[in-house]
Every structure is written in C-alpha cells, then in structure tokens.
Amino acid sequence: MEEAAGTDKSDAELVLAARRGDTAALEGLVRRHYRAAFATALSLVGSSMDAEDVCQDAFLRALERLDTCRSPAKFRPWFLKIVRNRAHNYRDYQRVRTGQSLDDVSPACSADPVHDAVRADLRSQLERALRLLTDVQRQVLLLHDLEGQKHQEIADLLGMSTESSRQHLFVARKRMRQELGQDTASVYLHD
Amino acid sequence: MTDQHDQPLDLSALDPTAEGARFDGIVRSILGDAAAQMEGRRARNNVIGEITRWYKPILAAAAAAVAVLTFSLAQRSTSVIVEQSTSGVAEAIGIPDHFATWIRGESTPSAVELYSLFAGQ
C-alpha cells in the first residue's frame with residue numbers, strides 16, 4: 001500500500017492546499033475520508049460497487065466546489081452531504097459519471113485466493129442483510145460499525161438526536177443478526 | 001446485563017480500505033479523474049501568485065504617484081489663491097476701482113475726491 005499522503009496535516013490545511021492544486025493534499029483527503037464516504041454511499045445505494053462509483057463522483061464534485069467549503073476544518077460533514085446528495089441522485093436516476101469507470105480498477109486479488117473468496121462471500125451476505133434495513137438504520141449502522149463514528153457525529157450528520165441514533169443502531173444490529181443467523185452472526189462479532 | 005446488540009457488528013468485509021492494493025487503485029482512479037481540475041487550479045494559483053507578487057510594488061508606486069500629484073495640485077491651487085488675492089474681492093464683485101482702492105487702503109476719501117468721482121460719472 002502506498003504511503004498515506006498528508007496524514008500529519010489537518011483537514012483545513014489539506015483543503016487549502018488542494019484549492020491551490022496540490023495533488024498530494026487531495027490524495028490525503030481522499031484517503032482520510034474515503035471510508036466514511038463509502039459507508040454513507042453504501043447505506044443509500046446498497047451495493048459496494050455502486051457505492052464506489054458514488055464516492056468517486058462525490059470526490060470530483062467536492063473538488064469542483066471546494067472553494068465554497070466555508071469551514072475547511074469541517075470538511076467531513078460538508079463532504080458527506082455531497083456524498084448523500086450524489087447517492088440519492090444515483091439511486092433515483094441510476095445515472096453515473098462519465099469519467100473513468102471503477103470497473104477498470106482490478107478486483108480484490110491478494111496472495112490468498114481462499115481469503116479473497118471468503119471475504120467476497122461475507123461481503124455478499126452483509127450487503128444482502130443490509131438491504132433489509134431502512135435507510136436510516138443502514139446509515140447509522142455503517143457509520144458507527146464500519147466507519148467508527150460516534151453517535152453525536154451521526155446525529156449531527158443525519159439530523160437526529162443521539163438517542164435516536166442509539167436506537168436505530170440497536171435495531172439495525174438485531175435485525176442483521178437475525179438475518180445472518182446465529183451461526184453466521186458469531187463470525188461478525190468482535191471478541 | 002449487556003445485550004449482544006450493544007456489541008458492534010464486524011463489517012470489515014465491507015471496508016474498501018482494507019484491501020491495500022485495491023484501495024490504492026481507487027485513489028489513483030479518483031486522482032486521475034481530478035487531474036485536469038487540479039492542473040487548472042495550479043494554473044489559476046500561479047496567476048494569482050504573480051498578481052500577488054506584483055501587487056505590493058505596484059501599490060507602493062501608485063501611492064507615491066498619488067502623493068506627488070496631490071502635492072503639486074496643492075502647490076498650484078495655493079498660487080492661484082495668492083494671485084486672486086492681489087486683484088481683490090471688490091473688483092471681483094464689480095465695485096469701481098476708486099472704491100476698491102479706498103476699501104483696500106487705510107485713508108478716508110476727501111470730499112473733493114468724492115465729488116470728482118460722482119461728477120465724473
């Protein structure tokens with residue numbers, strides 16, 4: 001894996017540098033916020049491949065509008081709103097960007113094909129179970145359990161109370177475990 | 001008692017950053033699509049940088065020019081005022097020369113002078 005760019009800099013510094021055309025700064029923003037963007041997009045479009053397309057589209061859109069980001073230190077919530085808008089558009093119109101397709105990015109291929117196959121199977125099961133949740137439950141679950149955001153951040157982002165966020169998370173986990181089955185669920189539980 | 005649903009689900013199979021090489025490919029793809037935009041930003045930044053570099057000297061020169069111009073205009077208007085004061089306000093508003101001379105002077109006109117002035121008119 002390539003060395004992460006700009007990891008020692010704040011979001012504000014990276015945004016200001018990216019505005020000046022600093023590609024390393026843009027790379028830093030992409031690496032830092034990709035997972036949150038992916039979690040948000042996946043919660044709305046339902047499949048990993050579509051979520052990746054939405055993320056790519058959202059990063060390009062954000063770059064176009066970077067000068068309108070009034071508080072560079074609050075880049076993440078500003079950017080995640082763009083992701084959500086793009087995901088809604090994607091879902092509503094199934095319309096994708098015209099740039100390089102992520103289909104060109106090679107599929108997962110590690111030295112261990114068994115690991116790859118198991119991982120692909122797990123991903124498929126999880127995506128299927130996620131589709132049974134409501135939009136809000138999916139968003140809360142992915143932002144919390146995949147991205148690691150706190151309830152306060154999720155509440156701010158989704159415009160709800162922290163208590164609502166907790167309740168949605170509880171219900172979402174319960175529903176996921178029921179869907180995945182007890183045997184499978186044990187695989188997904190952290191020790 | 002801790003409910004099992006208080007425990008997080010392991011969603012790492014969905015984590016796009018977990019597969020390093022693939023994630024690097026995703027990042028490269030985004031940066032590739034953004035390349036033209038970034039090039040435009042660099043070019044624009046260079047123009048703004050040039051303007052910024054020349055901004056201060058040009059501003060200083062403009063300020064100096066304004067100062068010189070203001071000073072010379074001030075000098076000129078002062079000399080005009082001095083010239084005007086020699087001809088006097090009385091002439092400027094149409095009072096005859098004799099009156100004007102008396103007004104400026106400290107001596108009072110004699111009766112003969114007054115008679116000759118009005119008789120002359």
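Colleague: Leaving aside its neighbours within four places in sequence, which residues is A37(A) in contact with?

Modeller: Two residues are in contact if their C-beta atoms, placed from the backbone, lie within 7 Å. By that criterion A37(A) is in contact with C55(A), A58(A), F79(A), L80(A) and V83(A), neighbours within four places in sequence being left aside. Please note that this is a predicted model, in which local features need pLDDT of at least 70 and side-chain atom pairs count only at pLDDT 80 or more, while totals for chains, interfaces and linings use all residues. Residues are numbered from 1 along each chain as its sequence is written, and chains are lettered from A and ligands numbered from 1 in the order in which they are written.

Colleague: Which residues have the most contacts inside the largest nonpolar core?

Modeller: A nonpolar core is a set of buried Ala, Val, Leu, Ile, Met, Phe, Trp, Tyr and Cys residues joined through C-beta atoms within 7 Å. A residue is buried if 20 or more other C-beta atoms lie within 10 Å of its own, exposed if 12 or fewer, and partly exposed in between; the C-beta atoms are placed from the backbone. Here the largest core has 55 residues, and A37(A), A41(A), V54(A), C55(A) and V83(A) have the most contacts inside it. Helix α2 of chain A (residues 23–45) gives the most to this core, with 13 residues. The core also draws at least three residues from each of domain 1 (11–93) and domain 2 (111–188) of chain A, the bounds coming from an automatic or database domain assignment.

Colleague: What is the secondary structure of each chain?

Modeller: Helices (H or I, at least four residues) and strands (E, at least two) are DSSP runs, numbered from the N terminus. Chain A has nine helices and zero strands; chain B has four helices and zero strands. Of the 191 residues in chain A, 39% are buried, and of the 121 residues in chain B, 9% are buried. In chain A, 64% of the contacts with a separation of 6 or more are between residues 24 or more positions apart.

Colleague: Why do the buried residues of α8(A) line one face of the helix?

Modeller: One examines the arc, that of the directions from the helix axis to the C-beta atoms. In α8(A), the buried residues are S165(A), H168(A), L169(A), A172(A), R173(A), M176(A) and R177(A). Seen down the axis, they fall within an arc of 160 degrees, so they line one face of α8(A). On the other side, E163(A) and Q178(A) are exposed. S164(A), also in helix α8 of chain A, counts as partly exposed because it has 16 C-beta neighbours inside 10 Å. Just after α8(A), G181(A) takes a positive phi of about 85 degrees.

Colleague: Which residues are buried in helix α1 of chain A?

Modeller: In α1(A) (residues 11–19), D11(A), L14(A), V15(A) and A18(A) are buried. Their arc is 100 degrees, so they line one face of α1(A). Just after α1(A), G21(A) takes a positive phi of about 95 degrees.

Colleague: How many residues does the contact between the chains take from each?

Modeller: The contact takes 43 residues from chain A and 31 residues from chain B. The chain B side divides into 13 nonpolar, nine polar and nine charged residues. For this division, Ala, Val, Leu, Ile, Met, Phe, Trp, Tyr, Cys and Pro count as nonpolar, Asp, Glu, Lys and Arg as charged, and the others, Gly among them, as polar.
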